[in-house]
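Work through the exercises below with the model open. Try each task before reading its solution.

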Amino acid sequence: MEIKTISTDVLIIGSGGAGSRAAIEVDDAGLKAIIVSKGLSFRSGCTGMAEGGYNAVFKTVDKEDSIEAHFKDTLKGGSYLNDEKLVDILVNESPKRLIDLENYGALFDRQESGEIDQRPFGGQTYRRTCYQGDRTGAELLNALKEEIIKRDIECIEEVMITSLITDGDEVIGATGLDLKDSSLIYFKAKSTILASGGAGQLYPVTSNTFQKNGDGFAIAFRAGAKLVDMEQIQFHPTGMIAPESKKGVLVTEAVRAEGGKLINKDGERFMSKYAPEKMELATRDVVARSIYQEIIEGRGTEKGGVYLDISHLDDDYIDEKLETMVLQFENVGVDIKHGPIEVAPTAHHFMGGLKINPDGSSSLKNLFGAGEVCGGVHGANRLGGNALADTQVFGKIAGESASKAAKDSKLKTNEKMVEKEASRIENLIKKGSIKPKEFKNRIKNLMWEKVAIVRDEKTLNEALSELLEMQKELENLDVNDKKQYNADLVTALEVINMVEICILTVKSAILRRESRGAHFRSDFPETLDEWKQSIIFSENKIEFEAR
C-alpha cells in the first residue's frame with residue numbers, strides 16, 4: 001500500500017463549524033494548520049445543515065435574559081448531566097464568538113432598530129436564539145469558509161481518517177485513506193484536534209450527512225481516549241417522512257419557534273397532554289417522546305408520523321422566516337403555507353463523545369476536541385441553538401490549546417504503527433460472504449429497533465448479543481480491490497467503527513438504570529438522584545463521575 005507523509009503543526013480532523021473555527025485560531029497563533037475532511041471540504045459535516053439558530057445572551061428582545069438564565073436552562077435541558085465548567089464557558093463565550101462570525105462576514109437577522117433579532121427555542125426561559133432565517137448554519141459556515149480561503153489555510157478533502165498515531169499516551173498524528181486512489185496518508189502533527197462530528201448514521205432515519213458514522217469516537221477510543229455518556233443520543237422531534245429519499249431530513253425547530261402546532265390524526269394539539277406550559281417548545285427529548293407515544297398509540301398518520309401546521313400564519317411571514325422550509329417542501333410538492341406537513345423523530349445529535357477538559361484537551365496528550373464529537377457540554381439533552389454556539393466556543397478554545405501544545409512539542413514518528421494500520425486496511429480487501437453495505441444496514445436497523453427513543457433491559461441485552469456476534473462476522477466482509485473511490489473499502493472501515501461504537505452505546509444504556517434526558521428506559525422511567533453521574537469508557541475500564 002502506497003504511504004504518503006504530510007507534516008503540519010496542527011492537524012484538524014473535520015471542516016465543519018468547530019474544525020474551521022479551530023483552524024482560524026491556529027493561524028492566529030502563527031502556526032500551520034491542515035484541515036482534513038472525509039467528504040468535500042465544508043460540505044460533509046452537519047454545521048451547514050443547521051437551520052434554526054445560535055444561542056447567545058444579547059438581551060435585544062427579552063431584556064430580562066442573563067448569562068445565569070442561559071446556564072440554568074442548559075443544565076435543566078441536559079437533565080443536570082452536563083459538565084458545569086463546560087456549560088459556564090459555553091454561555092459566557094457564545095456572544096463573543098457570534099461577534100467574531102459577524103467580523104468574518106456572517107449576517108444575522110436584525111430588528112427594525114438594527115439590533116440583532118432573537119427567537120424562542122425549546123427549553124429556553126427567554127428568547128436568545130440568534131438566526132439568519134432558517135439557514136443559520138449555512139450562513140455561519142460560509143463566513144468561516146471565506147475566512148479560511150482568505151488566510152490560505154490548507155484543506156485536504158475526501159480523506160477518511162482511520163486511526164490516531166500515538167507514542168505512548170501522546171497523539172503524534174493520524175493515518176488517512178485517500179478516497180481518490182486508496183493510498184494511505186500519514187499525517188505527522190505536533191498536536192491534533194478532533195472535530196469530526198457525531199454518528200447519526202448509526203440509524204436508518206437521520207438528519208446527518210452520510211459521512212457521520214462515528215469515526216471520530218472510534219479512532220479516539222482505540223487510541224486510548226476516554227468517551228463519556230455514549231447512551232445519550234438526541235432524536236430531533238421533527239424530520240421529514242416522505243418521500244423515502246427525504247426520510248429523516250430535518251424540519252427545523254424554527255417552525256415550532258415561529259408558531260407551528262403539532263397535531264395528531266384526530267386533529268388534537270397533543271402537546272397539551274405532555275407539556276402544557278411549554279407545548280411545542282418543550283425540550284427535544286420531551287417532544288420526540290410525545291410524538292413517538294402518539295404514533296405507537298395509534299394516533300399517528302398513515303405514513304407513521306404526526307402533523308406540523310403553520311398554515312395559520314401569514315404567507316409573507318412564513319416566506320421571510322422559513323424560506324428554506326418553504327423551498328424544501330415545494331421540491332416534493334407540498335405547500336407548507338396552506339396545509340400541514342407530516343413529521344416524525346429523526347436521529348440527530350450525540351450528546352456523548354470524547355471527554356474534554358475546559359481547555360479542550362482530552363485524556364491523551366496533544367489530542368484536543370471540539371463540537372459534536374465531544375461529550376459533557378450538553379448533558380443528557382441538547383437545547384436547540386446550543387450546538388452552533390458549541391462549535392464556535394470550543395473550536396476557538398481547542399485551536400488555542402492545540403497551538404500552545406504544538407509550540408511545546410516536536411514532530412515525532414511511529415512508522416511501525418503506520419505500517420500496522422496499512423496492513424489492517426490492506427487485509428480487508430478479500431473475498432467474503434457479507435457485503436459491507438448490507439452489513440451497515442443491519443447495524444442501522446438493529447439500532448432503530450432496539451436502541452432508539454424508548455429502551456428496556458431485554459431489548460438492550462438482545463442488541464448487545466447481536467452486536468457482539470456481528471463483531472465476529474466482520475472477518476467475512478467482501479471487499480473488492482479497486483483503487484479509485486473504493487466504496488466497499490470505505491464502508492468496511494465504517495462498519496468496523498460502527499459496531500464498536502454501538503457496543504459502547506448499548507453497554508452504557510444498559511448501565512444507566514434510570515431515564516434521563518434523551519435516554520428513556522420504559523422499565524426505569526424515573527430520573528434518580530443516585531444516577532446524576534456520567535458513565536466514562538476507556539479501553540481498559542468503566543468509570544463513573546458525579547455531576
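**Exercise 1. Which order do the strands of the open sheet of 5 strands take, and which are the edge strands?**

Solution. Step 1: the order in this open sheet is S17-S15-S10-S18-S19, and the pairing is mixed. Strands pair if DSSP finds at least two bridges between them. Helices (H or I, at least four residues) and strands (E, at least two) are DSSP runs, numbered from the N terminus.

Step 1: strand S17 (374–375) and strand S19 (542–546) are the edges, each pairing on one side only.

Step 2: inside the sheet, take strand S10 (residues 227–228) and strand S15 (residues 353–355). They pair in the antiparallel sense over 2 bridges. Val228 has Gly353 of S15 as its bridge partner.

Step 3: Contact means heavy atoms within 4.5 Å. Axes are lines fitted to C-alpha atoms, for helices over the stretch in contact, and angles run from 0 to 180 degrees between N-to-C directions.

A note on the model: it is predicted, so local features need pLDDT of at least 70 and side-chain atom pairs count only at pLDDT 80 or more, while totals for chains, interfaces and linings use all residues. Residues are numbered from 1 along each chain as its sequence is written, and side-chain values use heavy atoms, with hydrogens and water left out.

**Exercise 2. At what angle do helix H5 and helix H15 pack, and which residues make the contact?**

Solution. Step 1: H5 (residues 215–223) and H15 (residues 487–511) pack at about 75 degrees, with axes 9 Å apart.

Step 1: classify. H5 and H15 are therefore roughly perpendicular to each other. Angles under 35 degrees count as roughly parallel, over 145 as roughly antiparallel, 65 to 115 as roughly perpendicular and the rest as oblique.

Step 2: list the contact. H5 gives Asp215, Phe217, Ala218, Phe221 and Arg222, and H15 gives Glu494, Ile496, Asn497, Glu500, Ile501 and Leu504. By class, this contact holds 6 nonpolar, 1 polar and 4 charged residues. Ala, Val, Leu, Ile, Met, Phe, Trp, Tyr, Cys and Pro count as nonpolar, Asp, Glu, Lys and Arg as charged, and the others, Gly among them, as polar.

Step 3: check burial. H5 is largely enclosed by the rest of the structure, because 8 of its 9 residues are buried. Buried means under 20% relative accessible area, exposed over 50%, partly exposed in between (1.4 Å probe, protein chains only). Among the buried residues are Asp215, Phe217 and Phe221.

Step 4: look just past the helix. Gly224 takes a positive phi of about 110 degrees there.

**Exercise 3. How do the axes of helix H14 and H15 cross?**

Solution. Step 1: the axes of H14 (residues 457–473) and H15 come within 9 Å and cross at roughly 155 degrees.

Step 1: that angle makes H14 roughly antiparallel to H15.

Step 2: read the contact. Its residues include Leu460, Leu464 and Leu467 of H14 and Ile503, Val506 and Ile510 of H15. The contact divides into 11 nonpolar, 2 polar and 2 charged residues.

**Exercise 4. In which sense does strand S13 pair with S12 and with S14?**

Solution. Step 1: S12 (residues 261–263) and S13 (residues 306–309) pair in the antiparallel sense over 3 bridges. Lys261 stands opposite Asp309.

Step 1: S13 and S14 (residues 341–350) pair in the antiparallel sense, over 3 bridges. Here Leu308 has Ile341 as its bridge partner.
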